[in-house]
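Have a look at the structure first, then read on.

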Amino acid sequence: MLTIENDWKTVLQQEKQKEYFQELEKEIEREYEQVHVFPEREHVLAAMEGTALSDTKVVILGQDPYHNEGQAHGYSFSVRPHVSIPPSLRNIYKELEHDLNIKKPNHGCLQSWAAEGVLLLNDVLTVRAHEPHSHKGIGWEKFTDAVIRKVNEKEQPVVFILWGKHAQKKADFVDRERHLVLESSHPSPFAAHRGFFGSRPFSKANEFLNVHGESPVNWALPVNPEEA
């Protein structure tokens, strides 16, 4: 279940040998055997599988996977093709259109962003069906902290997009002298009007990448994404 085949494999090997991670793996296996857990085992580390450390230009940090049937596939804020677009993602699309004049797609799959170098990382990587935050505190937070630390150590500047207080607190150690940290309220319907709308994170990220000699992210999403 917890395998990675790009440069993250070597980078995180030491982390996966730690006692807390071995206990986490055992707990997750028990959960998959006894209850309904999202995403499927093979998609738990999809964010790292989809965006190698060496390719990471932007990090978008979420909280935990969607907890309803057929939604989660291992990327923060993203859902499988042909699944209804969640409210927060609808607001992300509204800001994307306002920022870069990119029309809203008819799906919620952000996998093409991962291929563009956007690490779509959640704080917690699994969840029980219909029980939000049910895997909070079992060890994922330590692991994803380690992932963020590795990105933070990159010499090439990276953009961290942190929506909401939870993401901002988790990544508060990021080196802001080397990297760009973009903060705003969360895109959820409860918070989007308190600073998310009008924050223009997509154009700001690309401007920063251009200045530092990196190719900008193509934020436009394909009409017909591949099934994840």
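## Two helices crossing

The crossing of H3 and H7 is left-handed, meaning the near helix is turned anticlockwise from the far one by less than a right angle (clockwise would be right-handed). H3 covers residues 19-34 and H7 covers residues 140-152; their axes come within 9 Å and cross at roughly 125°. Axes here are lines fitted to C-alpha atoms, for helices over the stretch in contact, with angles running from 0 to 180 degrees between N-to-C directions. H3 and H7 are therefore oblique to each other; under 35 degrees would count as roughly parallel, over 145 as roughly antiparallel, 65 to 115 as roughly perpendicular, and the rest is oblique.

Who touches whom? On the H3 side it's Tyr20, Phe21, Leu24 and Ile28, and they meet Trp140, Lys142 and Phe143 in H7; contact means heavy atoms within 4.5 Å. By class, that contact has six nonpolar, no polar and one charged residues. The nonpolar class is Ala, Val, Leu, Ile, Met, Phe, Trp, Tyr, Cys and Pro, the charged one is Asp, Glu, Lys and Arg, and the others, Gly among them, are polar.

## Ground rules

This is a predicted model, where local features need pLDDT of at least 70 and side-chain atom pairs count only at pLDDT 80 or more, while totals for chains, interfaces and linings use all residues. Residues are numbered from 1 along each chain as its sequence is written, and side-chain values use heavy atoms, with hydrogens and water left out. Helices (H or I, at least four residues) and strands (E, at least two) are DSSP runs, numbered from the N terminus.

## The sheet

Four strands make an open sheet in the order E3-E2-E5-E6, with parallel pairing; two strands pair if DSSP finds at least two bridges between them. E3 and E6 (180-184) are the edge strands, each pairing on one side only. Neighbouring strands are turned by 20° against each other on average, direction ignored. Helix H9 (residues 201-211) packs on this sheet, touching E2, E5 and E6, and its direction makes about 165° with that of E5.

## Strand E2

Five bridges join E2 to E3 (residues 118-122), and four join E2 to E5 (residues 159-163). Val58 has Val118 as its bridge partner in E3 and stands opposite Val159 in E5. Ile60 stands opposite Ile161 in E5.

Both faces of E2 are covered: Val58, Ile60 and Gly62 on one side, Val59 and Leu61 on the other, are all buried (under 20% relative accessible area, 1.4 Å probe, protein chains only).

How values were computed
Buried means under 20% relative accessible area, exposed over 50%, partly exposed in between (1.4 Å probe, protein chains only).
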